[in-house]
Amino acid sequence: MARFSRWIAQIRQWYKQEKRAWLVVGSVAGSIVLLRWVGLFQPIELAALDTLFWTRPLGKLEDRILIVGIDEDDIQKVDRWPIPDKVLAELLWKLQEHQPSAIGIDIYRDLPTQPGQEELEKAFREIPNVVGIEQLEDKDSLGVKPPSALAEQGMVGFNNVVVDADGKVRRSLFYWQTADGNRTSFALMLALIYLEARDISPQTAPNGRDLRLGDMVFELLDANEGGYVRLDNRGYQILCNFRHPSRFTQVKMSDVLDGKVPAELIRDRVVAIGYTAPSLKDTALIPYSTNWFGSAKPIYGVELHANFISQVMSGAMDGRSPLNSFPDWAEVLWIFLWSGIGAVLIIRGRSVKRSTLYLIGLFGTLWGVAYGSFLAGYWIPFVPAVLALAGSVGVLTIYLAHQQEELKRSKEFLQSTINAIPDPVFVKNKDHVWIILNHAFSQFLGYPLEDLLGKTDFDILLPQEAAIFGQRDRRVFETNQAQESEEQLTDATGQTYQIATKRSLHCDAAGNIFLIGVIRDITERKRIEEELRRTTVELTRSNLELRLSQDRLHRLAYYDSLTGLANRKHFYESLQKSLDWAKQEQKLVGLLFIDLDGFKQVNDSWGHDFGDLLLKAVAGRVKNCLRGSDLVARLGGDEFTVILPGIKQPSDIEIVTHKILAALSQPFMLNDRQLQVAASVGSSIYPVDGETQGVLIKKADTAMYQVKQEGRDRKTLS
């Protein structure tokens, strides 16, 4: 994900730097797309398609179709034209002897041609799988009716073809809608008979529109298919993937009649019968009809229909599809892609010679892509892509020539300007190359100007310094915002300086973008700042140590080291503050004196360490019985005091006393030993029992000793 983000950032930066070039790309590609949709390139595209046809390998022989041609010799032997019905009937019976899959007669028989009408009609009725032709009425013809005997059996297909503006046939017509309903083409009927014998029947494709045979879907021709623009695509048309005419086996009618044609050439094949006599001019032009020399070589009508038949059968059985093409949106992207490739070639080209070689290579690549796609059954727009590539190259070449001239003038102006600046100044192009430097920069780095011009940071500076410079430069190019930053720079002698660099962009009239950097030496300033920083750090550390010492002294002075409770000094100061506050606020303050009974026995029995543990535990329990505003202190030994500021009524002190005694009466578990202790508690209340420290302390202490003497709450050690 991070790599993808960096890639996007690089594309954005490149777009910003080459914005005008990309505007050229968009303009050229947009113009090509517009001219493409106008139809300007259609004739050239069709010629390019023809070139793809006759430059590809011939392919294998189509051994499922046999053409029986009636040539000039056959007509001379019969000595009549049109060929009499009797001769056609004899031909049909001769072919039927060898059991072909289907026989197609690409010869009009709307009128009898004597002699032999009855014999021919008998052959039409008794020989299965014979298909005749009709010509449907169109704008150029009134049409030709089919043989009546075949029409009665529904064994007639139309032989109309669609012709492009240049007179060539590139499309095959499967179905046509007439006033009498849908009509099927002659070629499709023959192919369907052949396929149905092999359990392949017509089905509707999943889209509910196209014809499906086997695994092949014959998609309807789009009006803008391939190089066509706003094509008349009525009926059911496909873009035919023609075979070379030499890939069909062809025999003469007279050889069939004389029994000279082997049976294996006829058995299980589709036999197409038609005229191959040049004098009859039953011909058509297909992509294979022209070559580099421009001479036209038409094929005969029966050969054309044989190609249409082969297209259907090879598609259904071999997966050899008709020609496909990109959708409209993909063609637009294709054109923009090659326009962009042309732009990249010129922008990144380092020399005219190299760019020319690259351009020739790209033209070859484009042709190779188009040729490879054609072999795979796709007709992609070659001419618009070529023009987009060449257009971008041409326009950008002119633009860059103007840009170079403007660059020369800009460099002269900037050079004269920065030489007057005392600070080191450098100027870089978008490739981060130093193109202009002043003398101060040369002196600062310690290199001659001629050794620096045309170099990059990585050629002169230390790698880590060059990497930082490059990063800062890229940020300015990306944001188009002036920035100032601090870096290190090492000169030719190895001395390292602390510098502050201000970077900004400059754009001239031709769109050339420069990065201008001005350097200031801040080494001395940084030295002083570092000394001040060290001094500040030392002072901060000293202050911290002093504060920690003060905290330690304060704790030693005010807190008991064993229990962490307030000590005697803290107790007296806090009691006086509480009394002063109570006097001002007219509040009550309670004072408790607590003494453990029998603590000396604990020390004597189990040692002073155990006694210390008990004192800590007692301190914790007493503290847990008090409010946050109360203060518990250890005066020494096993004597504790409690200050209760702001009690509401004198009886509250009794509640606290009972709470403390209850807490202390619970057994203590110390070092796996259980013991119980008793405590004596005495109390006094300000101002009920007195208004001074001395009076209150004395009364509380006296009360505590009185309790101890009376033996109340005393517990025995266990």
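Buried means under 20% relative accessible area, exposed over 50%, and partly exposed in between, using a 1.4 Å probe and protein chains only. This is a predicted model, where local features need pLDDT of at least 70 and side-chain atom pairs count only at pLDDT 80 or more, while totals for chains, interfaces and linings use all residues. Residues are numbered from 1 along each chain as its sequence is written, and side-chain values use heavy atoms, without hydrogens or water.

**Aromatic pairs**

- Rings of Phe, Tyr and Trp (its six-membered ring) pair if their centres lie within 6.5 Å; planes under 30 degrees apart are stacked, over 60 edge-to-face, the rest tilted.
- The count under this rule is 19 aromatic pairs.
- Phe53 and Phe374 make an edge-to-face pair, 4.9 Å centre to centre with 80 degrees between the planes.
- That pair links distant parts of the chain, 321 residues apart: Phe53 is in helix α3 (residues 42–55) and Phe374 in helix α12 (residues 352–375). Helices (H or I, at least four residues) and strands (E, at least two) are DSSP runs, numbered from the N terminus.
- Phe53 is buried because its relative accessibility is 1%.
- Phe374 is buried because its relative accessibility is 1%.
- Trp81 and Tyr275 form a tilted pair, at 6.4 Å centre to centre and 50 degrees between the planes.

**Aromatic cluster**

- One aromatic cluster is formed by Phe53, Phe242, Tyr288, Phe308 and Phe374.

**Charges over rings**

- A charge sits over a ring if NZ of Lys or CZ of Arg is within 6 Å of the ring centre and within 35 degrees of the ring normal.
- Arg171 has its charged end over the ring of Tyr228, 5.5 Å from the centre.
- Arg503 lies over the face of Phe469, 5.0 Å from the ring centre.
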